[in-house]
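Here are my notes for anyone opening this one for the first time. Have a look at the model, then work through the points in order.

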Amino acid sequence: MNLKFEEFQKSNLGLKELDNIRIKSFKKFEIQGFPTKKQEHWKYTDLKNIITNNFQNLQIFNGSKNLVYNNKLIIKNFEHNKIILLNGSFIESSFIYEDEKKIIIKSLKSILENKNDFNKIKEYFDDDQNSMLSLNHALTNDGVVLDIENNYSFNKPLVVYNFFDKTAENKIINNKIFISLGDKSNLCMIDFYRCENNIKYFNNTIHNYTIKKNATLKKYNINDSLDNSYNYNSVKIKSYSNSVFENFLLSLGPNLIKNEIHCNLLENYSSCFINGIMLLDGSQHHELKTNVNHKYENCKSSQLIKSVLLDKSNGTYQGKIYVDKKAQKTNGYQLSKALILSENSAFNSKPELEIYADDVKCSHGSTTGNIDENSIFYLMSRGLTKDQANKMIVEGFLNEVIETITDPNVKILISSLFNERINKVNV
Amino acid sequence: MLDIKNLNASIEGKKILKNFNLNIKPGEVHAIMGPNGSGKSTLANVLSGRKGYEIEGTVYYEGKNLLEIPIEERAQKGIFLAFQYPIEIPGVNTNNFLKTSLNTIRKFRGLKELDSLDFLKLVKEKSKKLKIEEKILSRQLNVGFSGGEKKKNEILQMSILEPKLVILDETDSGLDIDALRIVSEGVNSLRDKNRSFLIITHYQRLLNYIKPDFVHVLVNGKIVKTGFSDLAQELEKDGYEGVSIAK
Ligand SMILES: Nc1ncnc2c1ncn2[C@@H]1O[C@H](COP(=O)(O)OP(=O)(O)O)[C@@H](O)[C@H]1O
Ligand SMILES: [Mg+2]
């Protein structure tokens with residue numbers, strides 16, 4: 001692996017401070033390299049191995065001249081606001097359903113060029129928990145910074161389109177997304193990924209969200225496509241009092257996804273809900289790693305992950321609930337259920353509770369198994385073929401999580417994408 | 001319609017049905033009564049094609065070797081088993097399931113598949129006739145249903161799928177009198193000269209509502225006595241032991 005950092009660095013010279021951060025961060029990355037299974041939190045996803053096996057000559061993506069995206073990839077019959085990213089770079093946005101005065105949107109590129117703006121976000125370049133984050137700090141040159149003012153509720157969902165085109169081929173793309181929701185504001189947002197022609201690339205993204213008092217952020221990750229892509233997403237959330245963070249992950253498409261969600265419940269009565277489904281076949285490898293940190297009293301968190309594994313696929317859910325000694329009256333819940341439909345597939349589940357307060361209600365559970373024979377017999381005794389019966393059971397199993405989606409229009413959208421996918425899968 | 005000869009069935013080396021014989025003609029209603037563990041559910045399972053049994057003997061259904069017909073085809077050819085313990089299947093909508101089932105069966109019979117509208121009309125009509133609340137059909141299949149609701153759901157499925165041979169496995173067990181009435185009205189309304197019933201029960205009670213043509217007593221995997229419907233009353237009085245000794 002030979003990432004040509006100097007070349008990249010020279011063509012991206014800018015604020016001195018940023019230049020230094022890039023150099024320092026890339027050094028950190030070079031010392032550690034891509035994470036391997038020897039590292040904590042990477043036991044089930046040996047990234048170094050995956051990259052070596054799948055990329056002969058991975059190169060740094062250094063912006064593209066192409067600013068034209070394929071309009072056909074926009075979701076139809078679904079009223080929504082848009083942010084469009086092409087190969088990680090900000091292209092355009094439209095908020096036609098909203099009061100645009102309440103919304104400040106800037107490209108990360110413009111912020112990285114302005115000393116004052118950069119100062120406001122530079123603390124986020126310190127996080128060096130793993131080498132992918134360091135790599136991201138070194139190589140990010142674009143993304144989005146979105147600020148929603150106090151007391152503003154979106155009328156329609158916001159879709160963040162993450163498009164990729166052939167210039168991304170064999171490249172590693174690094175970007176960052178910042179979202180800040182003011183007091184009592186509401187946003188429902190979809191991270192939507194599309195790529196034409198099955199291009200192979202690696203996308204390394206860091207999201208930082210701030211959810212202020214009484215605000216609600218609903219976030220949906222739709223990964224139903226991008227079959228040949230490799231993705232690492234690290235999401236960090238700061239939740240203030242009475243705020244709500246809801247995250248649903250539809251994890252169906254890419255070859256590799258490692259999603260990390262670190263949610264920090266910092267003040268009274270904030271809550272975090274992480275639900276998701278994985279339906280994997282071929283040699284897909286998906287991991288969800290969550291870290292829900294209860295740092296204050298009376299906060300609530302809940303996680304429900306259901307997975308179905310076929311062929312040689314590999315799924316992992318590492319869910320951790322951490323309860324600080326201050327965080328009395330915490331309510332924490334997590335459940336993982338997986339169906340393994342092929343003996344060559346595997347599912348790893350590692351639920352973790354780390355509790356330092358004494359007055360808490362926390363529970364976790366995890367089951368992994370096959371489709372129940374009695375259920376198959378029941379359906380077949382009503383005339384369904386074995387395939388139909390299997391499919392119906394798998395669909396039902398996963399549908400239970402889709403049913404938890406609280407935004408009705410998004411639920412319809414996700415259901416239809418899920419149905420499209422499951423009809424292609426050979427269960 | 002159904003001709004069972006010298007049927008032996010074992011599971012995990014344990015013999016359950018022993019030289020079992022039964023012949024059911026079109027339009028006939030047969031009741032099988034027997035104590036717990038006598039092999040009633042095993043018989044129902046073998047007839048509907050459940051895997052896991054070692055089977056000897058012959059079973060002919062409409063002149064064909066039933067034992068060679070795959071499970072789903074038995075259903076498509078008109079065999080319906082109302083389960084003693086209907087299975088809960090989370091996330092599967094009861095209406096969707098039933099529509100898929102009906103349409104596979106209709107397709108097999110060369111009938112036009114029903115679209116959602118026609119299907120819902122049919123369901124409405126049937127559930128109204130059977131006095132079964134339609135509500136249960138929008139819920140997940142049997143999930144969280146009470147015992148009675150599960151059994152009513154089986155009966156509703158039966159009346160929608162219009163099978164030729166109906167096997168009821170202790171559908172009456174655990175039902176209150178109202179539910180029992182619904183079940184038996186469902187059965188009685190389907191009775192006709194071409195449709196046959198095999199009613200498995202533990203108690204004589206159901207047979208007050210559904211009058212069988214024949215009653216068989218199954219003890220320890222064998223039919224020990226066959227008679228007409230008055231045999232059921234006799235059993236109620238004397239118990240199964242009385243019958244086996246009398247034999
Ligand atoms: N899967 C099985 N494995 C072992 N024994 C079984 C199994 N299923 C049923 N049996 C045994 O077979 C006998 C008959 O069972 P069953 O047909 O369910 O009786 P019934 O329905 O008349 O109560 C019982 O002794 C039961 O314990
Ligand atoms: Mg039984």
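1. Start where the two chains touch: 19 residues of chain A and 32 residues of chain B take part in the contact, with contact meaning heavy atoms within 4.5 Å. Keep in mind that this is a predicted model, where local features need pLDDT of at least 70, side-chain atom pairs count only at pLDDT 80 or more, and totals for chains, interfaces and linings use all residues. Residues are numbered from 1 along each chain as its sequence is written, chains are lettered from A and ligands numbered from 1 in the order in which they are written, and side-chain values use heavy atoms, leaving out hydrogens and water.

2. How much area is buried between chain A and chain B? About 1900 Å², and carbon and sulfur atoms give 67% of that; buried area is the accessible area (1.4 Å probe) that two parts lose on being put together, summed over both. On the chain A side, A:F377, A:Y378 and A:R382 lose the most area to chain B, together 41% of what that side buries.

3. Now the charges: there is 1 salt bridge between chain A and chain B, where a salt bridge is a side-chain nitrogen of Lys or Arg within 4 Å of a carboxyl oxygen of Asp or Glu. The partners are B:E154 and A:R382, with their closest N and O atoms 2.7 Å apart.

4. Which elements of chain A supply at least two residues each to the side that touches chain B? They are α7 (373-380) and α8 (386-402), helices being DSSP runs (H or I, at least four residues) and strands likewise (E, at least two), numbered from the N terminus. The largest share, 7 residues, comes from α8(A).

5. Over all chains the count comes to 30 salt bridges. In one of them, the side chains of A:K329 and A:D359 meet at 2.6 Å, N to O. A:K329 sits in the loop between β17 (314-323) and β18 (330-340) of chain A and A:D359 in the loop between β19 (346-355) and β20 (360-369), so this pair ties together parts that are 30 residues apart in sequence.

6. Finally, look at ligand 1 in chain B. A polar side-chain atom of B:K14 lies 2.8 Å from one of the ligand's oxygen atoms. For B:G37, a backbone N or O atom is 2.8 Å from an oxygen atom of ligand 1, and a polar backbone atom of B:K40 is likewise 2.8 Å from a ligand oxygen.

Definitions and conventions: A polar contact is a pair of N or O atoms within 3.5 Å; within protein, one must be able to donate a hydrogen and the other to accept it, and residues adjacent in sequence count only if both atoms are side-chain atoms.
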